[in-house]
Amino acid sequence: MTIKLTVNGTEHDLDLPEGMPLLWVLRDRLGLTGAKYGCGIAQCGACMVHVDGSPRPSCITPVETLDGAQVTTIEGVEGKEAEAVRAAWQGIDVPQCGYCQSGQIMSAIALLREVPEPSDADIDERMSGNLCRCAAYMRIRQAIKDAARNV
């Protein structure tokens, strides 16, 4: 199966086996290792990327459903929300082990693009698909609020 996929602004013509998850295309075929394999069933969010601007768990997304799509990974995400989130994450030193952070950051950027001034309930709802085994949830929430103030 051949598909066209634009990843971080670069168009790729890919010959792939049917049913291959997007995560393996990104990591194994394109060498983009920012999205992590966590649970493999879209429960932890470590593999979160943006597809046509919306967050999507790449571990369960069959690549054949994405012909012509625009995919953005942590390596290529840009814009004022991305800059504010990165600065906030560094400013309050959010990560502990860091494994989930690329997925957390991708979800936080998507949240701020849709809800520029999120409430605690907005943050809890939109970030509920991202688990952190270090339980850094309070720092993640604070970083999102800090980022919202600086967008």
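**View 1. Two domains, side by side in one chain.** The centres of domain 1 and domain 2, taken over C-alpha atoms, are separated by 21 Å. This is a predicted model, and its division puts residues 2-72 in domain 1 and residues 80-149 in domain 2. Where the two parts touch, domain 1 brings 14 residues to the contact and domain 2 brings 11.

**View 2. An open sheet with five strands.** Read across the sheet and you get the order E2-E1-E5-E3-E4, with mixed pairing. Strand E2 (10-15) and strand E4 (54-57) are the edge strands: each has a single partner, so one side of each has no neighbour in the sheet. On average, and ignoring direction, neighbouring strands here are turned by 40° against each other.

**View 3. Strands E3 and E4, with a helix packed on the sheet.** Let's zoom in on one pair. E3 (residues 48-51) runs antiparallel to E4, and four bridges link them. Pick out His50 and you'll find its bridge partner in E4, Pro55. Helix H3 (residues 101-114) packs on this sheet, where it touches E3, E4 and strand E5 (70-72). The direction of H3 makes about 40° with that of E3.

**View 4. Helix H2 and its two faces.** Which residues of H2 are buried? They are Glu81, Ala82, Ala84, Val85, Ala88 and Trp89. Looking down the helix axis, these buried residues fall within an arc of 165°, so they line one face of H2. They pack against H3 and helix H5 (137-150). Turned away from that buried side, the other face carries exposed residues: Lys80, Glu83, Gln90 and Gly91. After H2 comes Asp93, with a positive phi near 55°.

**View 5. Arg133 in its loop.** Here we're between helix H4 (120-126) and H5, in the loop that holds Arg133. Is Arg133 buried or exposed? Its relative accessible area is 72%, and anything over 50% counts as exposed, so Arg133 is exposed. Still, Arg133 has contacts from elsewhere in the chain: setting aside neighbours within four places in sequence, it touches Cys97 and Tyr99. Gly98 is 35 residues away from Arg133 along the chain, yet their C-alpha atoms are separated by 9.6 Å.

Note on methods:
Residues numbered from 1 in each chain as written. Predicted model: local features only at pLDDT ≥ 70, side-chain atom pairs only at ≥ 80, totals over all residues. Heavy atoms only, no water. Pairing = 2+ DSSP bridges. Axes fitted to C-alpha atoms, helices over the stretch in contact; angles between N-to-C directions. Contact = heavy atoms within 4.5 Å. Buried < 20%, exposed > 50% of the residue type's maximum accessible area, 1.4 Å probe, protein only. Arc of directions from axis to C-beta. Domains from an automatic or database assignment.
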